[in-house]
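I opened this notebook to record what I looked up in the structure, one topic at a time.

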Amino acid sequence: MKTADLIIAAGDASADMRYATGFSTSDAYIWLRVDGKCMMLVSALEFDRARNERKKHVEVLRDTDFTSLVRPTFADTVLGAASKFGISSFRVPSNFPLGIADRLRAGGVKLMAEDGAFFPEREWKDADEIRMITDALRL
C-alpha cells in the first residue's frame, strides 16, 4: 500500500487547491496526487468546466466513478479512490476538514497533516506567474 497527497477544498477558498489544479469554484472538490500523477475528482456539474480550466497535467475524473452510492460523501469517494489506487495513507494540509478526516480514519485510512506549507514551491514564482502578477499590477 502507498501514500498519496489529498486536498478537499473549494478553489475559491484554498490557495493550495488553486495552485494544484488551476480550477476555481465555490464548491469543494477532491484533488489527489498518486505516484506523481495529479487528478481532481469533481461532480458531473463541474466536470466540463474543470476539464477546460484545469492545469494541463491534472486529469479530471467524475467523483461518481469511485463509489456506487447514490449520494456519496467526500469520505465515501476518497475511500473508493484509496481502494482503487491501493492507497493506505494520505498526506493532507493542516486545515483538512475534521469531519472528513474522522470518516476516513474510521474507514481504515491513515492521515498525516503537513506541518508547514503543503506546496513549499508556491513561495517562489515562475516566469509565467511573475508575468501575470506584473500584468495585474499594470491595471
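I began with helix 3 (residues 74–85), where helices (H or I, at least four residues) and strands (E, at least two) are DSSP runs numbered from the N terminus. Helix 3 has 12 residues and spans 16 Å from its first C-alpha to its last, close to the 16 Å expected at 1.5 Å a residue, the expected span being 1.5 Å times one less than the number of residues.

I noted that this is a predicted model, in which local features need pLDDT of at least 70 and side-chain atom pairs count only at pLDDT 80 or more, while totals for chains, interfaces and linings use all residues. Residues are numbered from 1 along each chain as its sequence is written, and side-chain values use heavy atoms, with hydrogens and water left out.

Just after helix 3, I found glycine 86 with a positive phi of about 70°.

Turning to the sheet, I recorded six strands, open, in the order 4-3-2-1-5-6 with mixed pairing, where two strands pair if DSSP finds at least two bridges between them. Strand 4 (58–62) and strand 6 (110–113) are at the edges with a single partner strand each, so one side of each has no neighbour in the sheet. Strand 3 (residues 37–42) runs parallel to strand 4, joined by five bridges, and cysteine 38 stands opposite valine 58 in strand 4.

Methods: Contact = heavy atoms within 4.5 Å. Axes fitted to C-alpha atoms, helices over the stretch in contact; angles between N-to-C directions.
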